[in-house]
Amino acid sequence: MGLPSADWLVRPIAPVDEADALALLDERFGVRGPLQSLGSQQDRNYRVRTGTGDHVLKVINPAVDLDTLRLQCSAIGELAAALPELRLPRPRPGVDGDPLQWLAVDDSKLACLLLDFVPGEPIMDSRYLAPAVVARLGRIAGRVASALSSLSALSSLSSLPARESPAVDRPRLWDLRNALTVVETLAPQLPDQIRAQRVLRAARAAHALVEPYADRLPTQLIHGDLTDNNVVCDTAPDGRPMPVGVIDFGDLGLGWTVAELAVTCASVLHHHGAGAASVVPAVRAFHAERPLGDEELAVLWPLVVLRSAVLVVSGQYDVRLDPDNDYASEALAREWTMFEVATSVPAQVMTAQLRHELERVSASGEPVAGERPVTGAGLVPGLPERLHALDLSVFADDLHTGFWQSPNAEHDLARGELTATQAVRTRHGEFRMTRTAVDGKGPAETCALGVELYVTEPLEVHAPWAGTVSRDTDRVTTLRQDDGPDLILDGLDAGPLTSGPVQPGQLLGTVADFDGSYLLGVQLSHLPGVRPPRFAAPELADGWLRLCPDPTALLLSETTKTDAGELGAAEPGASEPGAVDGELLSRRNHAFATVQEHYYQDPPRIERGWRQYLVDTRGRGYLDMLNNVTILGHGHPALSDAVHRQWQRLNTNSRFHYASVVELSERLTELLPAELDTVFLVNSGSEAVDLALRLAWATTGRQDVVAVEEAYHGWTYASDAVSTSVADNPGALASRPPWVHTVAAPNSYRGRYRGEETWRYGSEAAARIAGLATDGHAPAAFLCEPYYGNAGGMALPEGYLEQVYAATRAAGGLCVADEVQVGYGRLGTHFWGFEQQGVVPDVVTVAKAMGNGHPLGAVITRREIADAYRTQGYFFSSAGGSPVSSVVGLTVLDVLRDEDLQANALEVGGYLKRRLLELADRHPLIGTVHGSGLYLGVEFVRDRGTLEPATEETAAICERLRELGVIMQPASDRQCVLKIKPPLCLTRDSADVFVAALDDVLTNGW
């Protein structure tokens, strides 16, 4: 639809005298109340507070015709009936029954509406929008579009010619059918012509992608401005702003249905951390409400670009006309951000990505760009018959463990392979672990959009098809063809032809020397005139792969092609475009008991680890701040080598006589007080606690046990019976057997006693034990974590265990220290948690850290206690103390000693805690920071006075931390504590990365 002149441009209206507005409210609407000016680019809006409710007085820009205003009022009424759950600004009739009333301003009259005030806050000023919030925006846009398309009173209007329905199809600034005209009209008038020309070029390119479909796109009545500024929100329990209502129907009119979604998507792009892929939840949600056609998908991202371009030029134009309009001025920066993000990815790539997300194929049944098989004459005829493929994925077995600390890892690996073969190639579509970023260092783009060829000599390269050659100054050669992808060759020593047409088989040059070997990059692209990146970020990889198909067939002989079958993504270990990881999750849920829960709502597939890092199948690196099991870190070479050697020699059970089980037992007793001289080796912490209780029963001849509330000890019958954490088992307290007795959790932060009163926890627990003995229930054991782990890494009150152990022993019971989580130097100051309390237990249980992830645990006690078990028969654990398990245990102790990891826990943990306390000074959500060494917890509260736990917020914060590359989960019965128990090899740099990520979340939202 063309626009013959610029008369349709809406100009700002003159200021309104508030006295006149108050008089209008009283006389024409029968409403009285104070006014509060609200921002607007073109109208004048005022909030009116009355005793019976709040309203918005909207003084309409004179460029808006009356039929349009009446159409808006009708549409709001119809939507209110169709979508009763949606909050809407219903128009209030004047005293004469007409919602339109008139206000005299200077020598003219301006139309006014009095609308119901829609409670809630716009999310425009929210820094970060979570995927759930973005999805709700898209859902609302889809529901409104569906409702408007089926309105009985209005649907017929969309079929009327413009001349018969001017209110519906009037020329409008924000109608994306007019976007290019708007940009071309306003861009020349802007002061910054460099930006203006950039916007103009982008708008013309986007319009060219829309134009072939323009006449076939579904058209209907749309809101036209469903943005973060016109959708109001309530604060959800997790602190996120959740959309609940729609305001400002000033842009209502006829338009492409898909434009409704494009406008919503564009508004997401200026928020903190947003990229082009951030709109995917909105697109999915819109599609679920109002399915998108294939042609609509083809134009969606170009329309996002056009929307952002219109925002930029119109915003600058408004400020030029009305320099005092703060609302318009403040919008300029975010409008430019939207444009930059919208144009940061080629529109064709985003279209392909969105097709992938919605699992769509072309409506015509034709394969989309990138799906056609690549054929042509041999690119490098001198290659050997067999061409070795280098595996650089997360599944590669031959990647050395320090791969990401070497900037030339890929080249080094390829050169190593060249010693055994004449040529090596990399794989297309592979998410390379060699490009995984850690601690914020390294590239974020991991998916290979081409392949590299390594050879031992400068082989000739020939044109696989006819086309036109061009050369760039950086040794990049591009071969273009009329109907097919561009061929991009990086690292080619040019032949006699510098540019111009070529025929199939014609010499293009030779593979160039690269630091002692010969390297050629080969890439295909369906983006004419655009050189694609060599690697793509994981979140956009599927879109890029559609436009950059696999060139491997150009390198292979016919025999190799036949033997290889499908290439690239189908090769073992290479990425598979599609929902492979999602399919695996479905299989897990089908075959694996779902009560064995997984972390996160949409978990990454983790297949590799190294030190304090984890890597998913798309090459994304994560900082593991959670995994107290792998105390040495992931993938420790000394441990893997030791296990490999022992498996080759022997693995059996501990009834056989061999050295490692003796050596491990001796090493454990050397780390403990002299009286703890006897070791049982088991498979897990649960088994260790279970055995400890059985030892107490056998020794004392009694069964009663005293346990501390809010604690977790395991899943066997006995260890589960004494576990009192309602986070792990909501029915834990109600389902305890009668032989389990509890004492209050000695929580010095939020418990009954705090500050100087915390000594009372010990005396009350001691009194409870004495009382049980008096009542005939003298405990066989008192079981406690000596540093309160399940509550979030909290120190026990000073002297607590001394008091309770004394009472337990006075009653004839044993004192059991559950060191499963805290033991092995994690506190930094002490190797064992009980040492911090200055006591010696009768029985110590340990696991988790003991095997660095291998199933290994131990119970260490006195000889007479161990011998008492003879009354129960004999004890045996099939894998407990096996040769492999024993070697694992010994190696863990060696590494802890040799790498001085306890000292590292003290130094880095102390540094980390200081940094977290600094965050607490700036972020009131942090109630306190618990712990010592690398056994820490950050407790979130909604109010530092009431200590109301911020449970939902903590879960949402953990989800956002995962998005930022940090693995974290909630802890404690209230699930409001960050469980910070990383591998003890954590560095200061990694601690800084974690603190920066947490600061980002608490500053910008989750």
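Tutor: Two strands pair if DSSP finds at least two bridges between them; strands (E, at least two residues) and helices (H or I, at least four) are DSSP runs, numbered from the N terminus. This is a predicted model, in which local features need pLDDT of at least 70. Residues are numbered from 1 along each chain as its sequence is written.

Student: In which sense do E16 and E17 pair, and over how many bridges?

Tutor: E16 and strand E17 (residues 476-480) are antiparallel, with 4 bridges. Arg471 is placed opposite Thr477 in E17. The two strands form a hairpin with 4 residues between them, and Arg475 in the turn has a positive phi of about 65°.

Student: Which residues does strand E20 span, and how does E20 pair with E16?

Tutor: Strand E20 covers residues 500-502 and joins E16 (residues 467-471) through 3 bridges in the antiparallel sense. There, Thr468 faces Pro501 of E20.

Student: What is the strand order in the open sheet of 4 strands?

Tutor: The order is E34-E35-E38-E37, with antiparallel pairing. Strands E34 (926-932) and E37 (970-971) are the edges, each pairing on one side only. Strand E35 (residues 935-940) is linked to strand E38 (residues 977-980) by 4 antiparallel bridges, and Val938 has Leu978 in E38 as its bridge partner.

Student: Is Glu330 buried or exposed?

Tutor: Buried means under 20% relative accessible area, exposed over 50%, and partly exposed in between (1.4 Å probe, protein chains only). Glu330 counts as exposed because its relative accessibility is 57%. Glu330 belongs to helix H10 (residues 326-342).

Note on methods:
Predicted model: local features only at pLDDT ≥ 70, side-chain atom pairs only at ≥ 80, totals over all residues. Heavy atoms only, no water.
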